[in-house]
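The following note concerns the aromatic contacts of the model shown below.

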Amino acid sequence: MSMYHEYIIHIDGDSFFAACEIAQYPHLKGLPVVVGQERGIATAFTYEAKALGITRGMPIFKIKKFFPEVIILPTHFELYKMYSQKMSNILRRYLRVVEDYSIDECFGLIENDHAHTWEDVCTLAQTIKIALQKETGITFSVGVGRTKVLAKIASKAQKPDGLTIISDRDEEMVLSQTPISKVWGIGYRTAPTLKQKGITNALQFRNLPEEYIMRTFTKPLQELWHEMHGTRIFDIGHSDNDPKSLQATRTFFPMSTDREIVFSELSKNIETACARMRRYGLLTSSVIFFVKTSEFKYFGREFRFPFFTDNPIDILDSIRPLFDAVFVKGLRYRATGVTLSHLRPFNKCEQDIFGTQKEVHDRGKLMDTFDRIRDLYGKNSIFLGASMHAMTRNRQREILDESTPYQWNLPVPFMGEVL
DNA sequence: TCTGGGGTCCTAGGACCC
DNA sequence: TCTGGGGTCCTAGGACCC
């Protein structure tokens, strides 16, 4: 039997963060492990922890109280990125076209060169799955289908450590067993709408007539319908795209009614976002910030720059008046955040015609120095004076938590030209 | 799940132009 | 000043994802 079209493979790391910890520290194997200590809620956990009754988002204090045998770890993002890279590299050994979709998921295109027959497809998927496990020590759930949507449905069908290959003949069966709310692209708003129309599983949706779909739904659902029929709409993207926007938000504790404390939380987020932007070699010309009240109400403003910048001091100077206009005395705030958008690569930005060129240059050097000090002495080693309140408040919380080792490098506030 | 953090894409509708 | 028709660009906000 010859293969008459290409297939897509989707791989998905099982309990990825927890699995990385266990791969790195094998003595934890077989134990109930929960990741997410610093956030205060369970972010990821092993199947042993799940078996005890741990659920996503469960507060850490509750876990400590009711399941004292559980091992609780902080999130080690750099470690997970390493394993993510490994996963991607392994897949790239077998396939030419691979998309790193998220930290724990990849898509790959199985081309005719890689597999001539249906049996070849199955063998290849099996080989990839085994290589992944052998070389990372983590199990993966693997799915194969004609499109991205079908491959996603396949990898989800059996978890953990599953391998589901949907042949054209099996599609109806698998789809009929997939609740519509579990389909990639159907969220909490759309699922109830479809249910109202009597559509509860993926097959029912796929069986709706095309003419009805086009008349009733907008582009996202139309595309989904085509993908379910095996028409490839979503291509495998290539992974090294620059981000289009970049944000940093943080909930702080305790909540505060103090203008300067809230502003310094925002300042810290702006520093974080700018540091990341500089690492990507990008500049921004549009800043949106927000504050979030104790009642989860958002208030925000946007500021457009007539030039491009990667400098937090520029941003802080510009938004301070807007912040003061938005801040309401007497309200309690729990979080702040900032989004930088309209990003451009550093070298493509025209300087503005007059004046600020030299100043921008000098500040550029200043931020280089900033970044180097951070690289050498750690993320908290240097920060703007405007972020001072936030940095010292957060340190107090760290020191209070006896499980966090004390860090010897003292924070040095940078009393810059700000404010 | 009384609510963490970081993204992308789509669409309706306003502003502006001929 | 009002009415007709057609087009582009931009933004706010919704919905979804991991």
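1. The structure, a predicted model, holds 17 aromatic pairs. Rings of Phe, Tyr and Trp (its six-membered ring) pair if their centres lie within 6.5 Å; planes under 30 degrees apart count as stacked, over 60 as edge-to-face and the rest as tilted.

2. F17 and Y80 form a stacked pair, 4.4 Å centre to centre with 15° between the planes. F17 lies in helix α1 (residues 16-24) and Y80 in helix α4 (residues 77-94), so the pair ties together parts 63 residues apart in sequence. Helices (H or I, at least four residues) and strands (E, at least two) are DSSP runs, numbered from the N terminus.

3. F17, at 13% relative accessibility, counts as buried, as does Y80 at 0%. Buried means under 20% relative accessible area, exposed over 50%, partly exposed in between (1.4 Å probe, protein chains only).

4. The pair of F107 and W184 is tilted, because the ring centres are 5.7 Å apart and the planes at 35°. F107 belongs to strand β6 (residues 105-110), and W184 to the loop between α7 (171-176) and α8 (190-196), 77 residues apart. F107 is buried at 0% relative accessible area, whereas W184 is partly exposed at 24%.

5. K148 lies over the face of F107, 4.7 Å from the ring centre. A charge sits over a ring if NZ of Lys or CZ of Arg is within 6 Å of the ring centre and within 35 degrees of the ring normal.

6. One aromatic cluster is formed by F263, F289, F323, F327 and Y333. R320 lies over the face of F263, at 4.2 Å from the ring centre.

7. Residues are numbered from 1 along each chain as its sequence is written, and chains are lettered from A and ligands numbered from 1 in the order in which they are written. Local features need pLDDT of at least 70, side-chain atom pairs count only at pLDDT 80 or more, totals for chains, interfaces and linings use all residues, and side-chain values use heavy atoms, with hydrogens and water left out.
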